[in-house]
Amino acid sequence: MTELAIELSGVSKSFRRTNVGPGGHTTFKSQLVDWVKGRRRPPARRLQVLRDVDLSVPAGATLGVVGQNGSGKSTLLKLVAGIYRPTSGQVRISGRLAALIELGAGFHPEFSGRENIYINGIILGRSRREIDQLVDSIIDFAELRDFIDEPVRTYSSGMYMRLAFAVATTIDPDVLVIDEILSVGDEHFQRRSQDRMEDFQRRGKTLVLVTHDAGTVEKWCDMAVWLDQGRVASRGEPAAVLAAYRSAIAARERNGPLAAGPLEIAPPPEAAFEDAAPEGSTSS
Amino acid sequence: MSNLRELFQYRALLWALTARELKGRYRGSLLGFFWTLLNPLLLMGVYALVFSVFMNQQVPHYTYFMFVGLLPWLWFTNSLGGGTVSLSGKRDLLTRVKFPPQVLPAVTILSELCNYLLALPLMIGLGLLSGIAPRPVALLLPLILLLQGLFTVALVLATSALNVFYRDLQHVLGNLLALWFFLVPVVYPATAIPERYRTAVLALDPMGAFTSAYQAIFYYRTLPDFRLLAAAAGISVALLVGALSVFESRRDEFAEFV
């Protein structure tokens, strides 16, 4: 069996809900008041985002993650990237990992593109000297030669993403995690970034792509996972997974927007919110 | 301890962010880096005016005396103020890349330390003007810096972690620091504290012990009271142990709550 680049076993993730409405926010004051009044808050409502996800990605493979909004794709990505820690289960990554999540890669708005290249590179595990060697090719790839010493807050979102993509790929990670980025930039940059990703694949690096675009999955991925309400609804060959995903979406649309309940293939109905306390007992 | 080891492993990041912080602080201002020196100078002017003219302190070379204690206090208070929000204000970083979060409060403390060190020549110049040239005992400075650094790291680790969950902390702290400032013998000599309480006050408050030590080596030019420094070191280490456990127990949740 080939070496695994990414291995998730029994991974679940739930979040404490941060309700900013009346009685929702925990502050020193509210905790003090509760304590003085001898009142115990109901345990915080938790939102279960991922349930018992198993996933193995062999080194050198490209995995596509599909699913509707709110299915847990981004949470899965952040778990793989090590930004979140699973509530239960284990995440194992072998090798250096770079992630392009949401817009940007943790750039500091006040600092120039060049400074951000260095800081990002260091966070991704490169030494200053190594980045000295890479910085010009990053700037050239991002095509930001004229703007590289301007603060990144002045960048357009296209420039920002170009820089993020250039840093993450030039720094040459073993595992690259990308959230909805292939559509970024004009056609010219898209072509160049696709070339680079093909190069990545050729060199046996591992890629994880999260996307709504079935075409992207078909074109790029060796394997796919469809997440539905935090569970793996289907996995395997991209074509088969996409077919199942599409037919489920179609069925869901036929049943009307209100019937957005679980699908035939999906696990039995279950409330997404686990409310530990009876309704209406939230204190003010 | 693994917390501090990680900090060491990521020292390149620590330096890069500290340099960025120092360079970035006054970016966009006309005088730029010059503000690093101008700020303590202006502040010194204000305090010198208030305390030597209006309050008529009976301390010879009062401006120098006050400056000796004020600079390290600024290191402390700015580190605590900035460090407390160093995690809660860095959502962009914490939710997008993986790195040891303790780097962020450490960066605040380090960059404030640099500001202190950069202002030191000013202070020594002022001493020379007042006829107080440094003596060899001033070489004890690194020891006091190390101890104050330890104390500050301990406090800021705890406050930065807690402030992610309880944003009240940053407001409470601002006021506490204003009170604390007057409990520490910065604008008045330690001898102004009634003798009965003096040792207790200085032994229980590490900042009091450090401030007296700075004054000892730079102003009185004598050896600092090592018993006070030992007490401060003990308190700092105990705090650090507690702070590390607070930080470690919360760190997995930073990215979710920030």
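Reader: Which residue of S8(A) stands opposite Gly64(A)?

Author: Ala224(A) is the residue across from Gly64(A). Leu63(A), for its part, faces Met223(A) in S8(A). The model is predicted, so local features need pLDDT of at least 70 and side-chain atom pairs count only at pLDDT 80 or more, while totals for chains, interfaces and linings use all residues. Residues are numbered from 1 along each chain as its sequence is written, chains are lettered from A and ligands numbered from 1 in the order in which they are written, and side-chain values use heavy atoms, with hydrogens and water left out.

Reader: What makes S3(A) and S8(A) joined strands?

Author: Two strands pair if DSSP finds at least two bridges between them. S3(A) and strand S8 (residues 223-228) of chain A have 4 bridges and run parallel, so they meet that definition. Strands here are DSSP runs (E, at least two residues) and helices are DSSP runs (H or I, at least four), numbered from the N terminus. S3(A) also pairs in the parallel sense with strand S7 (residues 206-210) of chain A, over 4 bridges. There, Val65(A) has Val210(A) as its bridge partner.

Reader: Why is S3(A) called largely enclosed?

Author: Buried means under 20% relative accessible area, exposed means over 50%, and partly exposed lies in between (1.4 Å probe, protein chains only). In strand S3 (residues 62-66) of chain A, 5 of the 5 residues are buried, so the strand is largely enclosed by the rest of the structure. In a regular strand the side chains alternate between the two faces of the sheet. On one side of S3(A), Thr62(A), Gly64(A) and Val66(A) are buried, and on the other Leu63(A) and Val65(A) are buried.

Reader: Why are S5 and S9 of chain A said to stand at the edges?

Author: The open sheet has 6 strands in the order S5-S6-S7-S3-S8-S9 (chain A), with mixed pairing. Strand S5 (97-100) and strand S9 (231-236) of chain A each have a single partner strand, so one side of each is left without a neighbour in the sheet. Neighbouring strands of this sheet are turned by 15° against each other on average, direction ignored.

Reader: What makes H2(A) mostly covered?

Author: In helix H2 (residues 73-80) of chain A, 7 of its 8 residues are buried. Leu76(A), Leu77(A) and Leu79(A) are among them, and so are Lys73(A) and Lys78(A). Just after H2(A), Gly82(A) takes a positive phi of about 85°.

Reader: Why does Glu143(A) count as partly exposed?

Author: Its relative accessibility is 36%, so Glu143(A) counts as partly exposed. Glu143(A) sits in the loop between helix H4 (128-142) and helix H5 (157-170) of chain A. Its phi is near 55°, a positive value in a residue other than glycine. Arg221(B), in the loop between H10 and H11 of chain B, also has a positive phi near 55°. At 21% relative accessibility, Arg221(B) counts as partly exposed.

Reader: How do you know that H7(B) and H11(B) are roughly parallel?

Author: Axes are lines fitted to C-alpha atoms, for helices over the stretch in contact, and angles run from 0 to 180 degrees between N-to-C directions. Angles under 35 degrees count as roughly parallel, over 145 as roughly antiparallel, 65 to 115 as roughly perpendicular and the rest as oblique. The axes of helix H7 (residues 141-165) and helix H11 (residues 226-250) of chain B cross at roughly 30° and come within 8 Å. H7(B) and H11(B) are therefore roughly parallel to each other.

Reader: Why are H3(B) and H4(B) called oblique instead?

Author: The axes of H3(B) and helix H4 (residues 62-84) of chain B cross at roughly 130° and come within 10 Å. H3(B) and H4(B) are therefore oblique to each other.

Reader: Why does Leu244(B) count as buried?

Author: Leu244(B) has 6% relative accessibility and therefore counts as buried. Leu244(B) lies in helix H11 of chain B.
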